[in-house]
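Subject: Structure handover

Dear colleague,

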Amino acid sequence: MNDLMSFGLHRYWKNEFVNLIDIKTGDSILDLASGSGDLLKLLDHRSDCNFIGYDSSERMLKQAKKKIKKKNIKFVKGMAENLPFKSDSFDVIIVSFGLRNFYDIKKSLREIKRVLKKGRKFYCLEFSHINSFLFRKLFYAYSKIIPVYGKILLNNSEAYDYLIDSIKKFPNQVELTQKLIDSGFKNIEVIDILDGLAAIHISET
Ligand SMILES: C[S@@+](CC[C@H](N)C(=O)[O-])C[C@H]1O[C@@H](n2cnc3c(N)ncnc32)[C@H](O)[C@@H]1O
């Protein structure tokens, strides 16, 4: 789905995203909504850190476990809205293409803030709001075709309808920044990708 929506570019974006993350030796890193482990795979050369891949889906965790077999990378199943970790547990928290799917973003952000150590950073990569009117119109025209692909390729147009709907409903760059502030984050940096088709929000506790 990410391939279709980002024209395959999400792989390149994830690479760029990972390169932005400030990781220090000994850091504990939480990859929230880790899915099949794309980000952890890009980070698995960091044997000097400890990682947790956390996701609500057993099937996604299974895929990730098949792909990544490192002693310093563990997998935990659970919901972002109720993190089973003590306060101030992590040095870095990352989430890519996950936040949009959480049923309660406000609660999840509060949980992220709680388990992140003071003065450390939360990095979020997500689809966002395209700035240019023309590109936005073009993208939404293109997105109407995607459920048709879904029907033809996987006999499932609903999942693709959901994807487009979730992108449209997701807070734009300014609204997400406000949600982060309301959850207690500060020094928020926003980096637009492809004119805002996706955006990275970096925020500090
Ligand atoms: C589009 S995938 C992204 C996976 C991965 N981060 C990536 O970039 O490839 C979204 C993931 O969010 C997980 N997810 C959805 N709702 C969640 C929730 N409330 N708590 C934890 N994980 C959730 C799904 O199971 C899925 O693996």
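**Strands, core and ligand shell**

Strand β1, helix α3 (residues 38-43) and strand β2 form a right-handed β-α-β unit; right-handed means that, with the strands pointing away from the viewer, the path from the first strand over the helix to the second runs clockwise. Helices (H or I, at least four residues) and strands (E, at least two) are DSSP runs, numbered from the N terminus.

This is a predicted model, in which local features need pLDDT of at least 70 and side-chain atom pairs count only at pLDDT 80 or more, while totals for chains, interfaces and linings use all residues. Residues are numbered from 1 along each chain as its sequence is written.

β1 (residues 28-32) pairs with β2 (residues 50-55) in the parallel sense, over 5 bridges; pairing requires that DSSP finds at least two bridges between the strands. Asp31 is opposite Gly53 of β2. β1 also runs parallel to strand β4 (residues 90-96), joined to it by 4 bridges, and here Leu30 has Ile93 as its bridge partner.

The largest nonpolar core has 43 residues, and Leu32, Ile93 and Ile94 touch the most other members. Strand β5 (residues 116-127) contributes the most to this core, with 6 residues. A nonpolar core is a set of buried Ala, Val, Leu, Ile, Met, Phe, Trp, Tyr and Cys residues joined through C-beta atoms within 7 Å. Leaving out residues up to four places away in sequence, Leu32 touches Tyr54, Ala80, Ile93, Ile94, Val95 and Gly98 (contact: C-beta atoms, placed from the backbone, within 7 Å).

The ligand is surrounded by 18 residues, the closest being Ala33, Gly35, Ser57, Ala80 and Ser96 (C-beta atom, placed from the backbone, within 6 Å of the molecule).

Two backbone angles deserve a look. Most residues other than glycine have a negative phi. Ala33, in the loop between β1 and α3, has a positive phi of about 55°. Ala33 counts as buried because it has 23 C-beta neighbours inside 10 Å. Phe97, in the loop between β4 and α5 (105-115), has a positive phi of about 50°. Phe97 is likewise buried, with 23 other C-beta atoms within 10 Å.

Regards

Methods: A residue is buried if 20 or more other C-beta atoms lie within 10 Å of its own, exposed if 12 or fewer, and partly exposed in between; C-beta atoms are placed from the backbone. Two residues are in contact if their C-beta atoms, placed from the backbone, lie within 7 Å.
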